[in-house]
Amino acid sequence: MKNATFLWKCTASVMSFALVLSSLTVPSAEQAGGDAVRAFTASAADEKAALPERYDPRQEEPEILTSVKAQNTPICWAYASLGAIESCLIKKGYADNTLDLAESALIWFSIGQDSPTDPDDPRFGGGKNLGKEAYHTGSRPLQTVACLAAWQGVIPQCEVKDITTRPVINESFRYASAAHLQNADFFKSSDRSAIKSGILETGPMTISYFHNTNDLLSSKAGYYLGENAEKEIDEGKIEGGWHEAVIIGWDDGYAKENFNIEAPGDGAWIVKNSYGNFRNSENGYFYVSYYEPTIDEIVSFDMEPATNYGSVHNYNCSELDKIYFSEKNCGLMTANVFEAKEPETVTAIGFFTLNAKSECTVSLYALNPGAQDPGDGTLVTEVTETFAHEGFHTVRLPQSYRAEAGQKYAAVVKYPISTKQPVYFDTGCEKKGVSFYSFYTTEDQRAWSDCYRVPHRGDVAIHVYTEYEGEEKEPFIHTYEGTHITAYSEPLMQDTLKRIDLDHNEYLTQEELNPVFDNLFDINCDGQSDSRDVTLIKRALLGLQKTGTAYNWFSADLNGNSVFDEEDLEIFISYTMQRPRG
């Protein structure tokens, strides 16, 4: 996989520096949570810490929830996933509740055009590519996680056309995500305490359940289909389909009598839907009984800024499939081999676990010239961790590895010994000599086998992340029309300024700045930077209340003093005043 292209890398850098901020300042992580969150976080190390009986972020300040959307095709999964991701980013202090991520981008890069169109991309040639039909197609949480793990699908709405147009999204956006998935945990509906703890730690989660289209909510906004629901669904007595929404909180005291059918006990999840303000809901929110039998997959998304790593390498699209190896008293090992195209520092490895409480060992090998399998080399580093939940996990290596151009290395994941060894294979991408599996016992390890030989399977899902290497010790200064533009603390911005200085004279010309400034200062999202944007910026600097949610507040700290102030505005005004009019 490649790094993001420079223009969209600039967008990602600005987004990671301050994701869509109406206040033009980045709140701290502590400021981004409410009293219940702070109380829990303070004692998070104590496993016996009491969880609140009710947690409802709608009643807290600052607000971590974005607006309720209204879908018009079966793409609830995209609205739910991005709704949870938006709240995670707000909760961590990277944005406020005006953040609006594009459902169309997640849909397009997960099932619309899943596989890259660049022949040099290791992921080229596979995947589930439905084109515009994707905007009328459901998807699984696993596909969504696979897409996000490859740094795809997290694009601000103002960067792409609205979903109502069913857009074909430009390939340059593929790796331009404004934030990166770090971990995604899959919970069972019975793990209530774990789900609650996860919501307090990382934010809202997605929930899948069977949606009854005829008898939706009670007068108290409650949803419960009854203990025989699964049987009745199979018999066609309940009409509807599988649906995905967002768990934002819970209420242990929500009465069992509040549902259309009395539930076995009190308690409900507070859920944000994507049907607008639908009948009997609380402005788009409702309550799903703890005992709802159709609850299926509950998934959390732990996100980080786009500057957490430099690049990601993997061979997988989103067509992951679970298979089981039946080898008694054996453990499974999987590996992917990568070749450095340029000097890079391997820092972290991402992979899936398919069982709860899995103890896995993650290793990195520097391979010998002509190596035929992942074990033919030198062990660089390894670490063993236990993962409480099934899902995707990123493990930072205890020792980074500097790979020079042409060097091959292997990322190896060792799963515990068990009677069944489940693993995710990508059924779309099949390449020889890059993906392997092996079995081991307490005494020895079998020879590595090429995954290419597994019929109708593909490659194992292992990702490698490299260190971002753009930061400099000294500030990088550019001059535009006599004004110094300094990038002190943001590596990606430094890198972008260098790249847009096409003649490398450390002086930015009008032609060099036009495409970047057009993107950064289009506050009202009308496709150009002009005097109307200046007016909006002035209002923000004067502390006037802004209205609406369509404004595109990017950080633009051009003078490097860590705030967006009048001097930055003067730079922008200088740009707009001198810009040629067409």
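This is a short tour of one structure, stop by stop, with something to select at each.

Before you start, note that this is a predicted model, in which local features need pLDDT of at least 70, side-chain atom pairs count only at pLDDT 80 or more, and totals for chains, interfaces and linings use all residues. Residues are numbered from 1 along each chain as its sequence is written, and side-chain values use heavy atoms, with hydrogens and water left out.

**Stop 1**

Now zoom in on β12 (residues 331-339) and β17 (residues 408-414), an antiparallel pair joined by seven bridges. Pick V337 and you will find its bridge partner in β17, A410.

**Stop 1: T353**

Next, select T353 in strand β13 (residues 344-353). Is T353 buried or exposed? T353 is buried, with a relative accessible area of 0%; buried means under 20% relative accessible area, exposed over 50%, and partly exposed in between (1.4 Å probe, protein chains only).

Show the side chain of T353: it makes a polar contact with the side chain of H393 at 2.8 Å, and it reaches the backbone oxygen of H389 at 3.3 Å. A polar contact here is a pair of N or O atoms within 3.5 Å; within protein, one must be able to donate a hydrogen and the other to accept it, and residues adjacent in sequence count only if both atoms are side-chain atoms. Leaving aside neighbours within four places in sequence, the residues in contact with T353 (heavy atoms within 4.5 Å) include F387, G391 and Y415.

**Stop 2: aromatic pairs**

Rings of Phe, Tyr and Trp (its six-membered ring) pair if their centres lie within 6.5 Å; planes under 30 degrees apart count as stacked, over 60 as edge-to-face and the rest as tilted. F351 lies in strand β13 and Y415 in the loop between β17 and β18 (421-426), so the pair ties together parts that are 64 residues apart in sequence. Both F351 and Y415 are buried.

The structure holds 22 aromatic pairs. Another to select is W269 with Y290, also edge-to-face, at 5.0 Å centre to centre and 70° between the planes. For a cluster, highlight Y209, Y223, Y275, F278 and F286 together.

**Stop 3: charges over rings**

Select R58 and Y285: R58 lies over the face of Y285, at 4.9 Å from the ring centre. Then move to R192, which lies over the face of Y291, at 4.8 Å from the ring centre. The criterion is that NZ of Lys or CZ of Arg is within 6 Å of the ring centre and within 35 degrees of the ring normal.

**Stop 4: a buried loop residue**

Finish at N314, in the loop between β10 (311-313) and β11 (320-325). N314 counts as buried at 1% relative accessibility. Beyond its neighbours within four places in sequence, N314 is in contact with P122, R123, A150, F338, I462 and H463.

Key. Helices (H or I, at least four residues) and strands (E, at least two) are DSSP runs, numbered from the N terminus. Two strands pair if DSSP finds at least two bridges between them.
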